[in-house]
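Work through these exercises with the model open beside you. Try each task before you read its solution.

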Amino acid sequence: LEAINRPIYAFNDVLDRYALKPLAQGYQKVTPEPLRLMITSFFANLGDLSTGATNVLQAKPRQALIDVSRFVVNSTLGMAGIADVASAIGLPKHQEDFGQTLGWWGVPPGPYLMLPFLGPSSFRDAPSRVVDSYGDPVSQYTGDVALRNTGIGLRIVDGRAGLLEAEKVIDGAALD
């Protein structure tokens with residue numbers, strides 16, 4: 001799929017270089033670090049619900065219970081998830097998505113695939129992103145479209161801002 005992947009990668013690179021990265025840098029510059037940590041924690045807390053569901057589908061009831069417990073603890077004691085109280089009390093965070101669930105059920109990953117806007121994936125993981133979006137409270141919120149879109153945009157910019165330091169390390173280590 002190289003003939004398809006290379007132009008999509010080039011498109012994504014231009015989008016990142018001229019839109020996402022400058023937005024993330026501006027966000028990082030004007031938003032105090034404690035507030036950025038709260039925003040990141042808020043979105044991570046929402047993700048614990050879908051992680052719990054994928055753990056159920058992978059026959060991991062203990063991890064699912066921990067993920068749902070994390071959501072309850074952080075949504076209450078952590079003030080809507082802006083503080084990660086669950087980690088402090090020994091409830092570890094898990095990273096699961098529907099693509100991993102398909103893998104658990106034996107679906108092979110298939111070839112490498114670059115997706116516009118979304119980046120690298122595989123034939124197994126690409127369609128699973130649709131399923132994951134249905135488990136996302138932010139993208140499924142339809143009460144106020146402007147609020148939903150602002151939440152989605154904020155999560156994207158916050159996530160990109162979280163990669164700025166890693167990008168510096170990679171750029172510093174690159175030989176060519």
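A pocket is found on a 1 Å grid over the protein atoms alone: it is an open set of points where a 1.4 Å probe fits, with protein on both sides within 12 Å along at least five of seven lines, and its lining residues have an atom within 4 Å of a point. Grid points are joined across faces, edges and corners, and a volume is the space filled by probe spheres set on the points. The model is predicted, so local features need pLDDT of at least 70 and side-chain atom pairs count only at pLDDT 80 or more, while totals for chains, interfaces and linings use all residues. Residues are numbered from 1 along each chain as its sequence is written, and side-chain values use heavy atoms, with hydrogens and water left out.

**Exercise 1. The second largest pocket**

Task: give the volume of the second largest pocket, then its lining and the classes in that lining.

Solution. 
- Step 1. The second largest pocket has a volume of about 190 Å³.
- Step 2. Its lining includes Ile 39, Phe 42, Phe 43 and Leu 46. Pro 137, Val 138, Tyr 141, Leu 147, Arg 148, Gly 151 and Leu 154 also line it.
- Step 3. Turn to the elements, which are DSSP runs numbered from the N terminus: helices (H or I) of at least four residues and strands (E) of at least two. At least two lining residues come from each of α2, α7 and α8.
- Step 4. Sort by class: Ala, Val, Leu, Ile, Met, Phe, Trp, Tyr, Cys and Pro count as nonpolar, Asp, Glu, Lys and Arg as charged, and the others, Gly among them, as polar. The lining has nine nonpolar residues, one polar and one charged.

**Exercise 2. The largest pocket**

Task: find which residues are closest to the centre of the largest pocket, and which element gives the most to its lining.

Solution. 
- Step 1. The volume of the largest pocket is about 2200 Å³.
- Step 2. It is lined by 50 residues, and Leu 118, Arg 155, Ile 156, Gly 159 and Leu 163 are the closest to its centre.
- Step 3. Elements giving two or more lining residues include α1 (2–30), α2 (33–57), β2 (119–122) and α8 (145–161).
- Step 4. The most comes from α2, with ten residues.
- Step 5. By class, the lining holds 21 nonpolar, 14 polar and 15 charged residues.

**Exercise 3. The largest nonpolar core**

Task: list the members of the largest nonpolar core and the contacts of Ala 24.

Solution. 
- Step 1. Buried means under 20% relative accessible area, exposed over 50%, and partly exposed in between (1.4 Å probe, protein chains only). A nonpolar core is a set of buried Ala, Val, Leu, Ile, Met, Phe, Trp, Tyr and Cys residues joined through side-chain atoms within 4.5 Å.
- Step 2. The largest core has nine residues: Ala 24, Tyr 27, Ile 39, Phe 43, Leu 46, Val 138, Val 157, Ala 161 and Leu 164.
- Step 3. With three residues, α2 gives the most.
- Step 4. Contact means heavy atoms within 4.5 Å. Not counting residues up to four places away in sequence, Ala 24 touches Val 157, Arg 160, Ala 161 and Leu 164.

**Exercise 4. Positive phi**

Task: what are the phi values of Ala 59 and Ala 80?

Solution. 
- Step 1. Most residues other than glycine have a negative phi.
- Step 2. Ala 59 has a positive phi, near 55°. It lies in the loop between α2 and α3 (61–76). Its 52% relative accessibility makes Ala 59 exposed.
- Step 3. Ala 80 also has a positive phi, about 65°. Ala 80 is in the loop between α3 and α4 (85–88). At 39% relative accessibility, Ala 80 is partly exposed.
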